Amino acid sequence: MEDIVALCKRRGFIFQSSEIYGGLQGLYDYGPLGVELKNNLKQAWWTSMVYYRDDIEGLDASILTHPDVLKYSGHEDTFTDPLVDCKSCGLRFREDQVPDHCKDEDLTDPREFNLMFKTNVGPIDDGSNVAYLRPETAQQIFTNFRNIIDSTSRVLPFGIAQIGKAFRNEITPRNFIFRVREFEQMELEFFVKPGEDEDWHKEWVKLRSDWWEDQGIPKSRLTLLEVPQDDLSHYSKATTDIMYEFPHGQEELEGIANRKDFDLGSHTKNQEDLNITSNVNKNNSSNAKLAIQDIKTKEWIVPFVIEPSAGLDRGVLAILTEAYNLEKLDDGKERVVLSLKPHLSPIKAAVIPLKKNNDDLVAEAIKLKSELQTMNLGRIVVENTGNIGKSYRKHDEIGTPICITVDFDTLDNGTVTVRDRDSMKQEKVPLNKVASYFDNYFKA
Ligand code: GAP
């Protein structure tokens, strides 16, 4: 973990938030490379969900959430962690995360601590205008269910996908970006006919494991954990967690839950007219019928929901962990290489003029960068340090798959030297073939 944290800071992936004022615990900022990596991972998820399938719509809902949403979802009552105080060191911990140096006799009895951040909407702060920062992106998907079926005419099965920030006032944030107070989730709520839920649950567990493999995490490093009945969330009939071997141990990367009809059943009006199977609180506040009419039988159905819910920040940490390699080279030296899948690399290619102060080489490099940039495959940079060895080392370390050196052969014969990050092999490519080389590389 230390190596990854150091690399993230040194190269501009991830920084402690508000660092110049001592930092805020459990909050991180994504730097120039981190934001690219994160955006690439989001794009991969969105493309696989919304573009490659024909049964999923997208959504980007507000973060500030009406308190009724989180009342009927159960979060106001149950979104808590047990908190204990240590009378000896004066610190507070989640009950299951008390460090060894605190003795049992120094700990208070646990009390429930609600993890939601509360705020005030508008200028009057008298407690009547409360809103929450959403603790998961899921709830606004359920509250928009009617809007989305009315505007898209979807029939079952279909899903709604959303990527966005979630906030939890974790008692003990830790392990870098693994457990933080502000994070991003990539959540899908997939609505199915009751009775078809178990098959869809299995299907989504497989699809999601395959997707992580496509992001560079081998199946051998993932474990599927069936959450025991006693540990299930109040809404869940069954949950499978995709666990990954993080540097600090095996922990949850993504959860895939069968939420039955709990959510739509909780947020719908006219609950008594609908055949809701989950145990929901009476709702007299909602003005929308969150059900769908079966075209053949005309019966109103409250769909069951399968929810693959992935943490984006945990995804970034898993991908960095998997990609980070310290390699011994033939000449006895070492190199750090980030073997990211090319579609995730923050920088797709570095164009390097052989000499920093040669105007012709630099101009040729800038021209090539501009040409490659128009292909819209991601960020291309000109690396004008004048030191090829250092430039290669830097781009190995940040996962740039291709380095293109513009040298005197470029001016004389119109060729550049293309170097592959993983094999370190170099080949001469004619300038007029670089774009197709590049295109083929990223399409392969
Ligand atoms: N809508 C369901 C839900 O939110 P969850 O298991 O609480 O379920 C889903 O969260 C995913 O969000 C987790 O698998 C994890 O990847 C991520 N996550 C949850 N809490 C987090 C935190 N404090 N920091 C970073 N990621 C977190």
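## Contacts of the ligand

An oxygen atom of the ligand lies 3.0 Å from an N or O atom in the side chain of Gln185. The model is predicted: local features need pLDDT of at least 70 and side-chain atom pairs pLDDT 80 or more, while totals for chains, interfaces and linings use all residues. Residues are numbered from 1 along each chain as its sequence is written, and side-chain values use heavy atoms, without hydrogens and water.

Gly311 places a backbone N or O atom 3.0 Å from an oxygen atom of the ligand. A polar side-chain atom of Arg314 is 3.4 Å from a nitrogen atom of the ligand. The ligand taken alone exposes 550 Å², and the protein buries 90% of that (areas by the Shrake-Rupley method with a 1.4 Å probe).

## The shell around the ligand

The shell has six nonpolar, four polar and 10 charged residues; Asp, Glu, Lys and Arg count as charged, Ala, Val, Leu, Ile, Met, Phe, Trp, Tyr, Cys and Pro as nonpolar, and the others, Gly among them, as polar. Strands β11 (182-192), β14 (249-260) and β17 (304-311) each supply at least two shell residues, with the largest share, five residues, coming from β14. Strands are DSSP runs (E, at least two residues), numbered from the N terminus.

## Ser236 in its loop

Ser236 lies in the loop between β12 (222-226) and β13 (238-246). Ser236 is buried, with a relative accessible area of 9% (buried means under 20%, with a 1.4 Å probe and protein chains only).

The side chain of Ser236 reaches the backbone oxygen of Ala238 at 3.2 Å. A polar contact of 2.7 Å also joins the side chains of Ser236 and Thr239. Such a contact is a pair of N or O atoms within 3.5 Å; within protein, one must be able to donate a hydrogen and the other to accept it, and residues adjacent in sequence count only if both atoms are side-chain atoms.

Definitions and conventions
Helices (H or I, at least four residues) and strands (E, at least two) are DSSP runs, numbered from the N terminus. Buried means under 20% relative accessible area, exposed over 50%, partly exposed in between (1.4 Å probe, protein chains only).
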